[in-house]
Amino acid sequence: MKNDTKRLLDWYDAERRILPWREDPTPYHVWLSEIMLQQTRVEAVKEYYARFLEALPDVAALAAADEDTYLKLWEGLGYYSRVRNLHKAAVTVMEDYGGEIPGTAKELRKLSGIGEYTAAAIASIAFGEPVSSVDGNLLRVFARRTMYRESVKDPAAKKAAYDYFMERMPEDRPGDYNQALMDLGATVCLPNGEPECFRCPWADLCAAHEQGAELEVPVVPAKKARRVEHRNVYRLHCGNELLLSKRPDTGLLAGLYEYPNDLKPGDHTARSAAGKREAKELLDAFLEAHGLTPVSVFPLPAARHIFSHVEWHMTGFDVEVESLDSVRETAPLLVVSLADLDRYSIPAAFDAYKY
Ligand code: SF4
């Protein structure tokens with residue numbers, strides 16, 4: 001074993017993060033945690049992970065679960081295609097692999113939602129396959145350690161990092177090696193601001209540290225600006241009932257429930273006079289188109305939600321209507337009892353307008 005590998009593993013043995021999925025790293029546990037950890041912070045995942053496992057403790061239970069059940073368990077985590085793919089892959093595991101999660105990165109990649117990184121993480125941690133799981137953390141550590149000056153968004157960077165770490169991969173502890181690098185990237189070789197090199201087991205081997213150039217790498221090209229959408233959101237209710245809408249089965253927030261909303265044609269901010277006028281006109285048009293008569297209308301505070309490629313700037317209205325009868329059979333609209341509201345998965349984008 002190379003000396004720097006040993007040093008990293010010794011550091012990991014002493015400093016590793018204690019995480020629920022690491023304590024019992026079955027293939028299902030590792031797989032579920034890796035999917036949840038994509039785009040989501042470790043701290044936020046812990047609670048969801050425990051809740052998900054309690055409801056769906058193994059791959060057979062996940063495969064047998066209905067859509068509303070697994071979407072509800074994912075509610076608030078965002079990027080819902082992750083759980084749809086997880087479910088689809090669980091069905092494949094039951095049907096094509098006799099209920100056994102495949103044990104190599106190559107086979108794992110054939111399952112929905114499992115890309116190169118996730119396949120390598122599961123294969124190395126749960127099955128001991130020596131394969132490097134290169135993600136943003138590992139790329140950053142690699143770029144600093146070697147003073148890699150090309151863009152890390154370029155596929156060549158991933159290949160270079162993969163080769164670099166594979167050369168140092170210990171045959172007997174591939175999962176720990178990958179997790180040690182993940183921990184190093186997440187807790188010491190930090191992404192934003194100064195890394196804590198004084199705590200790094202590689203401080204005297206690191207090119208960036210030697211040159212005092214830790215903040216010059218990794219090189220990341222500037223991101224494109226997100227598209228902004230101005231939306232009107234309606235919290236429409238009557239007595240003990242509320243109006244929801246089901247989103248289409250594909251695209252952003254596919255298949256989830258939402259408060260009915262409209263895309264505003266203009267780009268006026270919610271607070272401008274033109275923005276307020278436009279919002280009210282859209283609300284009136286919505287009510288008229290659906291045969292709804294308002295009893296009271298209250299504006300709700302403006303809210304924002306940021307997705308990866310789009311930002312919603314929302315204007316909300318609380319509207320009590322005389323009756324919801326005109327929209328009872330008009331899918332995708334759906335009249336629900338307030339007592340049952342918890343059963344519907346409503347994405348966090350609408351948190352500001354929750355009833
Ligand atoms: S010495 Fe500093 S910059 Fe280099 S790998 Fe360690 S934490 Fe990162």
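## Salt bridges and a helix crossing

Glu-107 has a relative accessible area of 25% and is therefore partly exposed. The model is predicted. In it, the side chain of Glu-107 forms a salt bridge with that of Lys-110, at 2.7 Å from N to O. Lys-110 has 56% relative accessibility and so counts as exposed.

Across the whole structure, 28 salt bridges are found.

| Salt bridge | N to O distance |
|---|---|
| Lys-110 and Glu-107 | 2.7 Å |
| Asp-183 and Arg-22 | 2.7 Å |
| Glu-196 and Arg-199 | 2.9 Å |

In the pair of Glu-196 and Arg-199, Glu-196 is partly exposed at 26% relative accessibility, and Arg-199 is partly exposed at 33%. Salt bridges also link Asp-4, Arg-145, Glu-167 and Arg-168 in a network.

Helix α12 (residues 174-187) also meets helix α9 (residues 116-127): their axes come within 7 Å and cross at roughly 130°. The two helices are therefore oblique to each other, and the crossing is left-handed. On the α9 side, the contact is made by Tyr-117, Ala-120, Ala-121, Ser-124 and Ile-125. Pro-174, Gly-175, Asn-178, Gln-179 and Met-182 contribute from α12. Sorted by class, the contact of α9 with α12 contains 6 nonpolar and 4 polar residues, with no charged residues.

Key
Residues are numbered from 1 along each chain as its sequence is written. This is a predicted model: local features need pLDDT of at least 70, side-chain atom pairs count only at pLDDT 80 or more; totals for chains, interfaces and linings use all residues. Side-chain values use heavy atoms; hydrogens and water are left out. Axes are lines fitted to C-alpha atoms, for helices over the stretch in contact, and angles run from 0 to 180 degrees between N-to-C directions. Helices (H or I, at least four residues) and strands (E, at least two) are DSSP runs, numbered from the N terminus. Angles under 35 degrees count as roughly parallel, over 145 as roughly antiparallel, 65 to 115 as roughly perpendicular and the rest as oblique. A crossing is left-handed if the near helix is turned anticlockwise from the far one by less than a right angle, and right-handed if clockwise. Contact means heavy atoms within 4.5 Å. Ala, Val, Leu, Ile, Met, Phe, Trp, Tyr, Cys and Pro count as nonpolar, Asp, Glu, Lys and Arg as charged, and the others, Gly among them, as polar. A salt bridge is a side-chain nitrogen of Lys or Arg within 4 Å of a carboxyl oxygen of Asp or Glu. Buried means under 20% relative accessible area, exposed over 50%, partly exposed in between (1.4 Å probe, protein chains only).
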